[in-house]
Amino acid sequence: MEIAIDRAGLRRALERRRRERETTTTTTEATEATPRARSGLTAYLEDAIRFAGGSIPVSEYVREALTHPEHGYYMRGDVFGAKGDFVTSPEISQVFGELVGVWAALQYEALGSPETLRVVEFGPGRGTLMADLLRGTSKFKKFSDAMSVHFIEVSPALRKIQAETLRCEDVEMTSAGAGDGLRVPKNVTRDEYMKNSASVNQSSTSASAKLPVGEARARGTSGINGAPVSWHDGLESVPSGPTLVIAHEFFDALPVRQFQRTERGWCEKLVTIDSDLLETDAGAEKTTSPKPEKVPGRELEMVLSPGPTPASHMLVSRRLKGVPQHIVDGLRLLELSPPSLSLWDRLAERIEQHSGAVLAIDYGEEGPLGDTLEAIKDHKFVHVLDSPGEADLSAYVDFGALRQIIDEKPNSGVTCHGPITQQQFLLSLGLIPRLEKLVENATSEAQADELIKGCERLVSDSKGDAEANEPPGMGVRYKAMCLVSRGLPKPAGF
């Protein structure tokens, strides 16, 4: 029997409770000494923590901080580029998106040049990568005529920016997108892997693999090459057919769970409210979680579960299966992303059923990984619990864990390639010849220098120099991994 929890109902109840408490505080603050007031996402998290009995997993904190429909980081609008909190490869050089376009066109040919092709991008940001891809492949008429673009995006604000970047002037909301605004998005950041993990070793003919379900939230047509463009909450509403999936700096933003080895076993890191603040609230129930170390001015703290949790029982042993014992013995911290594992499994099912390929490019390592969760605000690192909803949270991608999903299904219809460095991937797709052509056609020396500098950063292994304001290179830190339908040749770039 499957038990479903109405997260939307819970969220509405928590928001209602928060507003009632704020109203009560407002009416009494003139005559009484009131406790320290919390607002925004911090107030919502406080209610969620109380509701959960005193603490929540790190993964739930990350999910709410990034995608809460009102206070989530990605719901604020444009957070990318020099004026935002961080810069991604497509914003650094147009060559990145153009070379991903080369990869897509070559994979299209490897699929036999089908009449229809779904090009899906997860977390497209401003839409810069896709715009460069469409422009760079516009001369490949057969490819351009076959493709339709499908953005997986939960932020209404970013959807508008993406439509502008792709020069979509005829965007229409569908019935699914009516009332876009404060809602609970059906997105891929939910912690689904544990409840779905029993099906990982089963055939991909399960009901969960039947696509599509639902419809897009909005549709338009790109003015760059005339391709139809659709916006979706998840993969399930993308129409069936041969599919190419691009996930650039997407998996790093999916929630992670963190575990620590103790004498009690693998305990889970949890987020709780500062205990001193809890004690000042009238009627507050004291948590049974271990008391955290207080940090002045911070209302949230990390604690360890009293013992192993269901998540640690299920996830830790699975990830460490097959890992050399000397590495296992040296581990004290372990970080895993259940939503990443669940999504990678669903992507494999998609291309097994409909044929295609998946390209993931992100910063990460082979793993297993320890504590890599980090927060960036105004291009500077801050503590992950400071200013929830106002900083970008991300963690290194455990590429070994993703490949393990495919290795556990040896009879599946997909093969996994990589990870390889971004440097290897871009150079093998022709970064140098493309750069030379752009420099040759540059209108000024300054423009040529900018092109060279951007491409150098994409493939450099430099550690950077903070004092000289030189950012680190992306060539080695970033990796590329690819899934392809079984029987297809080795993917382009690998």
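## Overall organisation

Among contacts (heavy atoms within 4.5 Å) in the protein chain between residues at least 6 apart in sequence, 80% join residues at least 24 apart. The model is predicted: local features need pLDDT of at least 70, side-chain atom pairs count only at pLDDT 80 or more, and totals for chains, interfaces and linings use all residues. Residues are numbered from 1 along each chain as its sequence is written, and side-chain values use heavy atoms, with hydrogens and water left out.

The secondary structure comprises 17 helices and 18 strands, taken as DSSP runs numbered from the N terminus (helices: H or I, at least four residues; strands: E, at least two). Of the 494 residues of the protein chain, 54% are buried, that is, under 20% relative accessible area with a 1.4 Å probe, protein chains only.

## Nonpolar cores

A nonpolar core is a set of buried Ala, Val, Leu, Ile, Met, Phe, Trp, Tyr and Cys residues joined through side-chain atoms within 4.5 Å. The largest has 52 residues, and Trp103, Leu133 and Phe425 have the most contacts inside it. Helix H5 (residues 94-110) gives the largest share of this core, 7 residues. Apart from this core lies another, of 28 residues, including Ile152, Ala247, Leu254 and Val397.

Leaving aside residues up to four places away in sequence, Trp103 touches, among others, Leu244, Ile246, Leu359, Phe425 and Pro491.

## Helix H14

Helix H14 (residues 399-407) is mostly covered, with 7 of its 9 residues buried. Among the buried residues are Phe399, Leu402, Gln404 and Ile406. At the N-terminal end, Asp398 caps H14: a side-chain oxygen lies 3.2 Å from the backbone nitrogen of Gly400.

Notes:
Buried < 20%, exposed > 50% of the residue type's maximum accessible area, 1.4 Å probe, protein only. Polar contact = N/O pair within 3.5 Å; in protein donor to acceptor, adjacent residues only side chain to side chain.
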